[in-house]
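Please find below my notes on the model, as numbered points.

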Amino acid sequence: MALARASRRVVACCGVLLLTAGCASEFERRYDAADSLRAQAAEQGYEWIGTQKLLEQAAVAADEGDTETALELAEQARFQAEAALQQAEREKEAWRRRVVR
């Protein structure tokens with residue numbers, strides 16, 4: 001009986017560890033994707049002001065073990081970085097319409 005309870009505890013602990021590790025790798029994947037897109041936008045001169053701050057907040061949340069918040073912040077940073085890249089692409093031609101002829 002005691003052995004069965006101990007076995008269940010070990011299985012439960014292993015499940016928690018695997019879940020936590022999976023979330024951590026998911027966070028790292030999302031964080032790296034957002035940071036890569038942010039860097040691309042920065043190279044083109046279109047990095048948005050708040051994107052780096054969101055990534056910093058995501059890293060702090062991940063360090064504190066708040067994986068849900070960390071994932072959400074990384075996703076917001078990715079969205080901003082993608083929008084900045086779209087803006088950069090639009091501006092490649094849009095500036096021509098604003099030039100006085």
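**Notes on the model**

1. Leaving aside neighbours within four places in sequence, leucine 55 is in contact with Tyr31, Ala34, Asp35, Arg38 and Ala77; contact means heavy atoms within 4.5 Å. This is a predicted model, in which local features need pLDDT of at least 70 and side-chain atom pairs count only at pLDDT 80 or more, while totals for chains, interfaces and linings use all residues. Residues are numbered from 1 along each chain as its sequence is written, and side-chain values use heavy atoms, with hydrogens and water left out.

2. The chain has three helices and zero strands, and from the N terminus on its elements run α-α-α. Helices (H or I, at least four residues) and strands (E, at least two) are DSSP runs, numbered from the N terminus. Among contacts between residues at least 6 apart in sequence, 68% join residues at least 24 apart.

3. How confident is the predictor in the chain, on average? The mean pLDDT, the predictor's confidence in each residue from 0 to 100, is 84, and 78% of the residues score at least 70. Confidence is lowest in H1, at a mean of 70, and highest in helix H2 (residues 49–63), at 97. Over residues 3–19 the pLDDT is below 50, and this stretch has zero contacts in the model beyond near neighbours in sequence.

4. Of the 101 residues in the chain, 21% are buried. Buried means under 20% relative accessible area, exposed over 50%, and partly exposed in between (1.4 Å probe, protein chains only). In H3 the buried residues are Ala70, Leu71, Leu73, Ala74, Ala77, Ala81, Ala83, Ala84, Leu85, Ala88 and Ala94.

5. Which residues make up the largest nonpolar core? Its 11 residues are Phe27, Ala34, Leu54, Leu55, Ala58, Ala61, Ala70, Leu71, Leu73, Ala74 and Ala77. H1, H2 and H3 each supply at least two residues of this core, and H3 gives the most, with five. A second, separate core has five residues, including Leu37, Ala41, Ala84 and Leu85. A nonpolar core here is a set of buried Ala, Val, Leu, Ile, Met, Phe, Trp, Tyr and Cys residues joined through side-chain atoms within 4.5 Å. In soluble globular proteins, nonpolar side chains tend to be buried together.

6. Rings of Phe, Tyr and Trp (its six-membered ring) pair if their centres lie within 6.5 Å; planes under 30 degrees apart count as stacked, over 60 as edge-to-face and the rest as tilted. By this rule the count comes to one aromatic pair. The ring centres of phenylalanine 27 and tyrosine 31 are 5.6 Å apart and the ring planes stand at 45°, so the pair is tilted. Phenylalanine 27 and tyrosine 31 are four residues apart in helix H1 (residues 2–43), which separates them by about one helical turn. Phenylalanine 27 has 10% relative accessibility and counts as buried.

7. Arginine 38, in helix H1, is buried, with a relative accessible area of 15%. Is arginine 78 buried or partly exposed? Arginine 78 lies in helix H3 and counts as partly exposed, because its relative accessibility is 23%. Not counting residues up to four places away in sequence, arginine 38 touches Glu47, Thr51, Gln52, Leu55 and Ala81, and arginine 78 touches Ala34 and Leu37.

8. Threonine 51 is in helix H2 and is buried, at 1% relative accessibility. Glutamate 75, found in helix H3, is partly exposed, with a relative accessible area of 28%. Its C-alpha atom is separated by 9.3 Å from that of alanine 58, 17 residues apart along the chain.

9. Does the span of helix H3 (residues 67–98) agree or disagree with its 32 residues? At 1.5 Å a residue they should span 46 Å, and the end C-alpha atoms are 45 Å apart, which agrees; the expected span is 1.5 Å times one less than the number of residues. H3 bends by about 45° at lysine 92, the bend being the angle between axes fitted to the seven residues ending there and the seven starting there.
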